[in-house]
Amino acid sequence: MKKTGMLEIPSVRDKVSEEEWKVRVELAAAYRLCAMHGWDDLIYTHISAKVPGGDHHFLLNPLGLMFDEITASSLVKVDLNGDKILDTPFMVNKAGFVIHSAIHQASDEAGCVLHLHTDYGIAVSNQKDGLQPFAQSSIPAWMTVAYHDFEGLAVRDDEKTRLVKDLGNKQAMILRNHGTLTVAKTVGQAFELMFFLEKACRIQILTQCAGVPIHHPSQEAIDNTVRDLRTVAGASGADMLVLPALMRKLDRTDTSYRD
């Protein structure tokens, strides 16, 4: 039994497979990393991950825990309807799972869906022209981002079809007047994509707020960057290098996410 603040969290280590436990630890790390970067929004928004196997079960944060409280054992296992599969003392926000379940259900490749409500992400989502390729580090997110119009709180099942259609084959999305989202095969890949999407949004707002004329990259430079990214970009670095490095950073101060 481990404690998060005043909460006692029973371990589920002996109740799940090795494969599921690995995903639990990585997903818990992603929650802690989001908190570390200031991307959390009280107890709201989610990062969901598919449980290995063919049962269409998923992991996400329990309702009421802050991102910096999440542990591998506190994650709730649910089905596509948001119903709990594994016994847990925690509640699940079924309404908040609507966006995630839509994307997981639409593609077996959607191993992780990360959705945020950050200030910079929402600020860009409010702009008519959306994300702009203002800088080298903005172009990777710009070239892969999709858009979905705001329809109110994303709690209605009928929005799922439109959301999935708007996402298409992209791995990043700006939900207009709402926030940001990334989807990938693994937790590490989804987190790395979000890092650069959020960085691009922050760069854009800071650039616009400077109040001076903006120097835009030439179309040739943008085309060259897009071409080179498609040639050299690979997803393995996120899993083999980036996420392990970030987890080591977490471990230097607090290993409780692994419990």
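Leaving aside its neighbours within four places in sequence, which residues is serine 125 in contact with?

A: This is a predicted model. Start with the residue you asked about. Beyond its neighbours within four places in sequence, serine 125 is in contact with Ile174, Leu175, Arg176, Asn177, His178 and Gly179. Serine 125 itself belongs to helix H3, which covers residues 119–125. Is serine 125 buried or exposed? Serine 125 has a relative accessibility of 2%, so it counts as buried, since buried means under 20%.

Two of the contacts can be described atom by atom. A polar atom of the serine 125 side chain lies 3.1 Å from the backbone nitrogen of asparagine 177. The side chain also reaches the backbone nitrogen of histidine 178, at 3.3 Å.

Now the sheet. Seven strands form an open sheet with mixed pairing. Their order is S5-S4-S3-S6-S9-S8-S7. Strand S5 (76–78) and strand S7 (145–148) are at the edges. Each has a single partner strand, so one side of each lacks a neighbour in the sheet. From one strand to the next, the twist averages 20°.

Strand S4 (residues 58–60) runs antiparallel to S5, and 3 bridges join them. Leucine 59 has lysine 77 in S5 as its bridge partner. Helix H1 (residues 18–36) packs on the sheet here, touching strand S3 (47–50), S4, S5 and strand S6 (112–116). The direction of H1 makes about 165° with that of S3.

Helix H5 (residues 159–167) lies across S7, strand S8 (172–175) and strand S9 (179–184). H5 runs at about 150° to S7.

The whole structure holds 4 aromatic pairs. In one of them, the ring centres of tyrosine 31 and phenylalanine 67 are 4.8 Å apart. Their planes stand at 90°, so this pair is edge-to-face. Tyrosine 31 is in helix H1, and phenylalanine 67 is in the loop between S4 and S5, so the pair ties together parts 36 residues apart in sequence. Tyrosine 31 is buried, at 0% relative accessible area. Phenylalanine 67 is buried too, at 0%.

Another pair joins tryptophan 39 and phenylalanine 191. Their ring centres are 5.5 Å apart and their planes are at 35°, so the pair is tilted. Tryptophan 39 sits in the loop between H1 and S3, and phenylalanine 191 in helix H6 (residues 187–209). These distant parts of the chain are 152 residues apart. Both tryptophan 39 and phenylalanine 191 are buried.

Note on methods. Residues numbered from 1 in each chain as written. Predicted model: local features only at pLDDT ≥ 70, side-chain atom pairs only at ≥ 80, totals over all residues. Heavy atoms only, no water. Pairing = 2+ DSSP bridges. Helix = DSSP H or I, 4+ residues; strand = E, 2+ residues; numbered from the N terminus. Axes fitted to C-alpha atoms, helices over the stretch in contact; angles between N-to-C directions. Contact = heavy atoms within 4.5 Å. Phe/Tyr/Trp six-rings, centres within 6.5 Å; stacked < 30°, edge-to-face > 60°. Buried < 20%, exposed > 50% of the residue type's maximum accessible area, 1.4 Å probe, protein only. Polar contact = N/O pair within 3.5 Å; in protein donor to acceptor, adjacent residues only side chain to side chain.
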